[in-house]
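Please look over the sequence and the model below, with attention to backbone torsions and to strand pairing. The briefing takes these topics in turn.

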Amino acid sequence: MRTLFTSLCCFCFILLVTVVDAKIVFRSIAGGFTGLYVMEDDGSNIKLLIGKSVPGNPRWSPDGRQIVFGDYNFDIKVGPRGSYIAIMNADGTNIRQLTKTDNGTAIYPSFSPDGKQVLFSRHHIKRSISTLDLESGEIKEIAPVSAGSSNWSPDGRHIVYSTHPFGGATGANLWIMDADGKNARQLLPDPEDGQRIIRTRPRWSPDGKQILYEQSEYEVQQVGKIKVEIHLAHRYMICDRDGENIVELDVPKNWKPMGVDWMDDGESVVISMREIELNKLNFVELLEYHIYKYHLTTKNLTELTNPAVDGYEVDWIKGDALSVSPKGKKQTRWGEIKKVSSVFAN
């Protein structure tokens with residue numbers, strides 16, 4: 001009997017450490033400070049995990065037991081002083097730093113499909129996409145490129161990434177390469193002359209056949225002595241792994257993105273966005289972004305966060321999470337979203 005009781009206790013402990021109690025992790029400035037939060041698929045059960053320093057770009061481990069994120073050494077007098085990659089348990093405990101700020105800037109982390117490595121963008125003497133082995137701590141440069149966000153394919157064979165948004169006159173584009181950094185090729189064509197297009201935050205679909213990404217279109221105008229970017233359109237796009245069969249989601253072009261990911265086994269996407277005015281200069285505060293679920297077949301939207309809680313830099317995970325109830329949430333079409341937005345604007 002004692003052996004059986006011990007076995008049951010061990011089994012329950014394994015369940016406790018492997019089952020996540022939320023499916024969406026995101027960054028927010030709710031409560032007056034930057035923090036990482038989690039919530040369930042319907043936007044309920046929001047919990048603060050960490051408010052330390054300036055954490056951002058959180059990503060789940062494949063098993064849902066850990067979250068990797070970028071952070072900054074913060075000086076109250078001068079602000080952020082160097083970024084690094086950190087990791088913590090799914091409940092916000094056992095936070096530890098993985099990279100050192102004296103080894104250069106480290107941002108946009110994500111896990112390998114087997115959870116043994118972290119992929120990230122690095123600037124140490126030169127810019128690169130690098131990996132960090134979680135067991136040994138070894139950092140390895142795999143591609144000497146100036147990159148924004150990057151994402152490992154579910155089968156572990158390829159990496160898709162965006163070029164740095166300030167790396168060229170035309171904006172940023174998507175590239176794909178083998179997992180060892182070889183055979184890099186541009187995924188999408190360059191924009192036409194005079195266009196400034198930023199394609200960023202690429203995410204592989206769960207089956208590895210498609211890539212979800214953000215696309216923002218600007219023009220540069222001279223205002224006094226400075227040049228400013230004027231918003232022309234923002235789009236949410238899906239292409240296949242060869243950059244073909246491009247589909248644009250049915251979202252108005254004046255909703256600016258701040259993070260996208262797949263959810264519901266590829267049937268939906270989760271988006272952080274906010275309404276802006278196009279063809280003019282916008283001063284956009286992060287407090288004004290909210291998180292929505294977009295169903296790909298019905299094109300319905302459900303707002304997951306509420307006016308009191310902003311949210312951006314989202315990441316979703318499939319797993320045995322706590323039960324999620326749709327009670328209190330309703331499916332919404334753009335006419336209804338527009339109506340609600342007008343109420344808050346007044």
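Asn57 counts as partly exposed because its relative accessibility is 22%, where buried means under 20% relative accessible area, exposed over 50% and partly exposed in between, with a 1.4 Å probe and protein chains only. This is a predicted model, in which local features need pLDDT of at least 70 and side-chain atom pairs count only at pLDDT 80 or more, while totals for chains, interfaces and linings use all residues. Residues are numbered from 1 along each chain as its sequence is written, and side-chain values use heavy atoms, with hydrogens and water left out.

**Positive phi**
- Most residues other than glycine have a negative phi.
- Asn57, which is not a glycine, has a positive phi of about 50°, and it is found in strand E4, residues 56-60 (strands are DSSP runs of E with at least two residues, numbered from the N terminus).
- Asp265, also a residue other than glycine, has a positive phi near 55°; Asp265 lies in the loop between E21 and strand E22 (268-275), and it counts as partly exposed because its relative accessibility is 48%.

**The open sheet**
- Four strands, in the order E21-E22-E23-E24, form an open sheet with antiparallel pairing, two strands being paired if DSSP finds at least two bridges between them.
- Strand E21 (255-263) and strand E24 (301-303) are the edge strands, each pairing on one side only.
- Neighbouring strands of this sheet are turned by 25° against each other on average, direction ignored, with axes fitted as lines to C-alpha atoms and angles running from 0 to 180 degrees between N-to-C directions.
- Strand E23 (residues 290-295) runs antiparallel to E24 and is joined to it by three bridges; Lys293 has Thr302 in E24 as its bridge partner.
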